[in-house]
Every structure is written in C-alpha cells, then in structure tokens.
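Subject: Handing over the model

Hi,

Here is the structure I promised to pass on to you.

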Amino acid sequence: MEILGTTLRICVEDLESSVAFYERLAGGKAMRFERGGVSVAAVGCFLLMSGPEQELEVLRKVAATIAVQDVDEAYTVLNASGARVIAGPVPTPVGRNLIAMHPDGSVFEYVDRRGGTD
C-alpha cells in the first residue's frame, strides 16, 4: 500500500476565521463540504472541521487522514498487519474512506479519490 500524503485534522470553533488563516498559511483556497452536520474545509494539508460538539468529539479521536491510492488495498493490508477496521470502506464526497485502529490504539482515517461508487 502506497501512502500518498497525510492531512492534519483540526476541530475549530470559528470555521470562517480559521479558513482565512489557513488559506494564507497554505497559499491556496479551501475546498468545502458538509458531512454529518459538520462543516469541513480542506486547505493544503489541513482539514478544518466545525460543528456540533457531539460530532466533533468523535472526530477528535482520529489522529490524521492518510491518502492512499486504493482504500480496498489499504483494508487488506491493515487487516493483515493487525489493525482493526472499525468503519468502512464507505463513499465520501470525493472518493471512499475507512477508519482503522492500529495495534497501538491510534486511530486513522484512510481515503482514496477513486469515486464514491461502492
């Protein structure tokens, strides 16, 4: 499984002011979407999330988002390596994802951009 990149997940109270800061920092425009009542802005390597506290509480448990070529391959490698897939693979606005707990207890989201057709 090839890891293509990592996105840092940040829960914020004021998405608008945070987006302005991270756009200046990363030198690019935010891609925005909503998922499960949470407003999300992807800016460079940062994923900013704002919404109801009960939703953010769950999102804070995921350490980072890891981009891979193929979530199905990640699923196979993770299971064979001793990780436990706790959600997915499922379609997302830009591809598919899964959530996995590594043997050390850390939790990561794995994503691809293959289209949400599963």
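First, the ground rules. This is a predicted model, in which local features need pLDDT of at least 70 and side-chain atom pairs count only at pLDDT 80 or more, while totals for chains, interfaces and linings use all residues. Residues are numbered from 1 along each chain as its sequence is written, and side-chain values use heavy atoms, with hydrogens and water left out. Helices (H or I, at least four residues) and strands (E, at least two) are DSSP runs, numbered from the N terminus.

Helix α1

Helix α1 covers residues 15-26, 12 residues in total. Its first and last C-alpha atoms are 16 Å apart, close to the expected 16 Å; the expected span is 1.5 Å times one less than the number of residues. L15, S18, V19, Y22 and E23 are its buried residues (buried means under 20% relative accessible area, exposed over 50%, partly exposed in between, with a 1.4 Å probe and protein chains only). Viewed down the axis of α1, these residues fall within an arc of 135°, so they line one face of the helix; the arc is that of the directions from the helix axis to the C-beta atoms. The face turned away from the buried side carries the exposed residues R24 and L25.

What do the buried residues of α1 pack against? They meet β1 (3-11), β2 (31-35), β3 (38-43) and β4 (46-50), where contact means heavy atoms within 4.5 Å. At the N-terminal end, D14 caps α1, with a side-chain oxygen 3.2 Å from the backbone nitrogen of E16. After the helix comes G27, with a positive phi near 70°.

Strands and hairpins

Strands count as paired if DSSP finds at least two bridges between them. β2 and β3 are antiparallel over 5 bridges, and F33 has V40 in β3 as its bridge partner. These two strands form a hairpin with 2 residues between them, and G36 in the turn has a positive phi of about 60°.

β8 (residues 107-112) has 6 of its 6 residues buried. V107, E109 and V111 point one way from the strand, and F108, Y110 and D112 the other. β8 pairs in the parallel sense with β5 (residues 64-68) over 4 bridges, and T65 is bridged to E109. With β7, β8 runs antiparallel, joined by 6 bridges; their hairpin has 5 residues between the strands, and G105 in the turn shows a positive phi of about 95°.

N97 counts as buried because its relative accessibility is 7%. Its side chain makes a polar contact with that of E109 at 2.7 Å (a pair of N or O atoms within 3.5 Å; within protein, one must be able to donate a hydrogen and the other to accept it, and residues adjacent in sequence count only if both atoms are side-chain atoms).

Cores

A nonpolar core is a set of buried Ala, Val, Leu, Ile, Met, Phe, Trp, Tyr and Cys residues joined through side-chain atoms within 4.5 Å. The largest has 12 residues, among them A64, L78, L98 and F108. β5, α3 (71-80), β7 and β8 each give two or more residues to this core. A second, separate core of 9 residues includes L15, Y22, V43 and L48.

Enjoy exploring!
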